[in-house]
Amino acid sequence: MNKKDAQEIVKKIRAISPYVRFAGVIDSKGKVVAYARRPGHESLLSIKNTSDQFSHLAIKTRMASQFNRQLGDVQFMWEEREKVQTISFALGKNTVWASIDKKVIRSEVLRIIDSCLPIVKHFS
């Protein structure tokens, strides 16, 4: 994936909802290709923990792809944590990852996911 496409993806995903805190494209090694953060919001993770989170995400994406033949491709993964919700989408060997405010109702998170799917599919 080239950087220009990655930047377009994160720009489009960040624009979906004011509740999207962060959107990024992570490569297969856990490195950030492009990202966009909601203005005025600091990361919940330190730089080291962010790096570890993205490495973990890259490994999880690779591991999940091992089961695609039997289960089909992963459409998205959604995590609810105490402070934030995250969604991720496999994009070839890359991962699109977004964080969403914790207090958002589930129907809004599903709307965000449904809006992200065609964006990710377009770049697949």
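Q: Which strands does helix α1 lie across, and at what angle does helix α1 run to β1?
A: Helix α1 (residues 3-14) lies across β1 (20-26), β2, β4 and β5 (94-101), and runs at about 160° to β1. Helices here are DSSP runs of H or I with at least four residues, strands are runs of E with at least two, and both are numbered from the N terminus. The angle is taken between N-to-C directions on a scale from 0 to 180 degrees, with axes as lines fitted to C-alpha atoms, for helices over the stretch in contact.

Q: Before we go on, what sort of model is this?
A: It's a predicted model, where local features need pLDDT of at least 70 and side-chain atom pairs count only at pLDDT 80 or more, while totals for chains, interfaces and linings use all residues. Numbering starts from 1 along each chain as its sequence is written, and side-chain values use heavy atoms, with hydrogens and water left out.

Q: Why is S88 called buried?
A: S88 has a relative accessible area of 5%. Buried means under 20%, exposed means over 50%, and partly exposed is in between (1.4 Å probe, protein chains only), so S88 counts as buried.

Q: What makes β1 largely enclosed?
A: Seven of the seven residues of β1 are buried, so the rest of the structure largely encloses β1.

Q: How do you know that β3 and β4 pair?
A: Four bridges join them, running antiparallel. Two strands pair if DSSP finds at least two bridges between them, so β3 and β4 qualify. M77 stands opposite S88 in β4. Helix α4 (residues 106-122) packs on the sheet too, touching β1, β3, β4 and β5, with its direction at about 20° to that of β4.

Q: What makes β2 and β3 edge strands?
A: The open sheet of five strands has the order β2-β1-β5-β4-β3, with antiparallel pairing. β2 (32-37) and β3 (77-80) each pair on one side only. From one strand to the next, the twist averages 15°.

Q: How many bridges does β1 make with β5, and which residue partners G24?
A: β1 and β5 pair antiparallel over six bridges, and G24 has W97 in β5 as its bridge partner. On the β2 side, β1 pairs antiparallel over five bridges, with I26 opposite V32 in β2.

Q: Which residues count as contacts of S88, leaving aside its neighbours within four places in sequence?
A: They're L57, F76, M77, T95, V96 and W97, where contact means heavy atoms within 4.5 Å.
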